[in-house]
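Subject: Structure handover

Hello,

Here is the structure I promised to pass on. Please open it alongside this note; my findings follow below.

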Amino acid sequence: MSAMNKHQMNQELINLEQQNVHDVVDLNLKRSEAELRELDRKHFIHPSTPMKKFAETGPTLIFTKGEGIHLTDTNGQRYIDGLSSLWNVNIGHGRAELGEVAMKQMSTLAFSSTFNSWSHEPAIRLAAEIAKWTPGDLNATFFTSGGSDSNDSAFKTIRHYWMLKGKPEKTKVISRTKSYHGISIGTTSATGIEEFRTFTNSLSPNFHYVESSIEALEAKIEEEGADTIAAFISEPIQGAGGVNIPTENYFKEVRDLCDKHDIIFISDEVITGFGRTGKNFGIEHFGVVPDIITIAKGVTSGYAPLGGMIMSDRLYKDLQDHSQGNYFQGYTYSGHPVGTAVALKNLEVIKEENLIENIRARGEQMLEGFKQIQKENADIINVRGIGLMGAIEFKREVGAEAIGPEIVAEALKRGLILRPIMYENQDTLALAPPFVITEEEMGELLDILNESIKVVQEKSTTEHTFLH
Ligand code: PMP
């Protein structure tokens, strides 16, 4: 046996250790695609997935890598991530600087509690940073683990607030049809898209829905009685419900009604927060300041799970003044050190790279592209967009099949991921690419989109002709 000095032995140990680390990683990567599919099919219950079909097919795409606006799957195929995954990977994939911040934070202070008035620097700094991004006097943030938690926290906090204010009968929450506010019992109950509510048969009481006109809201307030209504919640631009942009004065009138009737106005900015629409927050397009803004997704660009409920100074102060006991609301991961550190870096990237300017420019290009596509296609009844959030809507007769899913399948073959939206008899394609998309990449996205639409329409015309 050759003699090793101490240094060589140490080096050998380090090599072995590194080899072990790589072995572990490699072992995972070395599983064949077929094996991964089988393990997935057997063991992994997927969110928002048709269960029966999944039992037969298993996963459709297994991603291995993300870079910029692209995702790569196990076959090495690259896709443009046309929806920033779940409207969340806003600064794009593969940003090593966020990984570095996460690693540093994990090795310094991976976790400590923020319950019972304990604190740590990343959460403190993020709460202060968020106050710089928000409109008006929305300056105080309660952190959560995601969007559903943020809206649930708002509902509970507001009901508690009205109890403290001596108005415990103010419990009802009004939301809009086609809205999406989350998946917990409370937020499913607040969600205006009916399919989410009929999925289960026992929801939270005291949630009501209105069409998106001021008359409908006024009538609902009248019908239920303002003294029973705690809050009104709305996305500034509805996302999951079809990228629906309200009329110009809608939120001004909402604000007036809320003021008149002592109703708290919650703006759900889980998708629209931190630049997506070309302004810091979507509600800023409409010139009003809500009482509460809820956030998640874009605050970390999906690099760590994190959400929050941001309150106005007025509301927070009033709550503090009236509060007697404990604030019985808190998630283990409220203000997670890694999540908040990653969020700080994410917001820095958005600012330093002037991404909101890019959102505006690329958003205009996207909408212009949609308009060109519409010119060549009589079945498109509407195109819309605000910043990097857009949609193309096709005509759909009641009860007819939507063509969106077919277009999505064709686009996928050509390397573009889109989302079809079919709630409430719509036939809509939604797009929300990452903020870092370049002019050339947007051009490519639009070309694939156009071609995919044409292919599907030609197919359906041929089938139509054949049938007759
Ligand atoms: N609100 C809105 C507007 C959303 O789009 C979403 C998620 N799509 C949520 C709330 C729920 O967020 P999460 O999935 O993080 O719970």
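How much space lies in the second largest pocket? About 950 Å³. Please keep in mind that this is a predicted model.

**The second largest pocket**

Its lining is made up of 30 residues. Closest to the centre are Thr 114, Thr 141, Phe 142, Tyr 316 and Tyr 327. Strand β4 (138–144) contributes most to the lining, with five residues. At least two residues each come from β4, α6 (121–133), α7, β10 (307–312) and α12 (313–322). By class, the lining holds 15 nonpolar and 15 polar residues. Charged residues are absent from it.

**The ligand**

Next, the ligand and its surroundings. Which residues sit around it? The shell consists of Gly 146, Gly 147, Ser 148, Asn 151, Tyr 180, His 181, Gly 182, Glu 235, Asp 268, Val 270, Ile 271 and Lys 297. Six of the shell residues are polar, three are nonpolar and three are charged. Helix α7 (residues 147–164) provides the largest share of the shell, three residues.

- Ser 148: an N or O atom of its side chain is 2.6 Å from a ligand oxygen.
- Gly 147: a polar backbone atom is 2.8 Å from an oxygen atom of the ligand.
- Lys 297: a polar side-chain atom lies 2.9 Å from a ligand nitrogen.

Taken alone, the ligand would expose 390 Å². The protein buries 80% of that area.

**Two backbone angles**

Two residues deserve a look for their phi values. Most residues other than glycine have a negative phi. Ser 84 is not a glycine, yet its phi is positive, about 45°. Ser 84 belongs to helix α4 (residues 84–87). Is Ser 84 buried or exposed? Ser 84 counts as buried, because its relative accessible area is 0% and the cut-off for buried is under 20%.

Glu 424 also has a positive phi, near 55°, and is a residue other than glycine. Where is Glu 424 found? Glu 424 is in the loop between β14 (419–421) and β15 (428–431). The relative accessible area of Glu 424 is 36%. Glu 424 is therefore partly exposed, as that class runs between the 20% and 50% limits.

Over to you.

Best wishes

Methods: Residues are numbered from 1 along each chain as its sequence is written. This is a predicted model: local features need pLDDT of at least 70, side-chain atom pairs count only at pLDDT 80 or more; totals for chains, interfaces and linings use all residues. Side-chain values use heavy atoms; hydrogens and water are left out. A residue is near a molecule or strand if one of its heavy atoms lies within 4 Å of it. A polar contact is a pair of N or O atoms within 3.5 Å; within protein, one must be able to donate a hydrogen and the other to accept it, and residues adjacent in sequence count only if both atoms are side-chain atoms. Accessible areas come from the Shrake-Rupley method with a 1.4 Å probe; for residues, only the protein chains shown count as cover. Helices (H or I, at least four residues) and strands (E, at least two) are DSSP runs, numbered from the N terminus. Ala, Val, Leu, Ile, Met, Phe, Trp, Tyr, Cys and Pro count as nonpolar, Asp, Glu, Lys and Arg as charged, and the others, Gly among them, as polar. On a 1 Å grid over the protein atoms alone, a cavity is a set of points where a 1.4 Å probe fits but cannot get out, and a pocket is an open set with protein on both sides within 12 Å along at least five of seven lines; lining residues have an atom within 4 Å of a point. Grid points are joined across faces, edges and corners, and a volume is the space filled by probe spheres set on the points. Buried means under 20% relative accessible area, exposed over 50%, partly exposed in between (1.4 Å probe, protein chains only).
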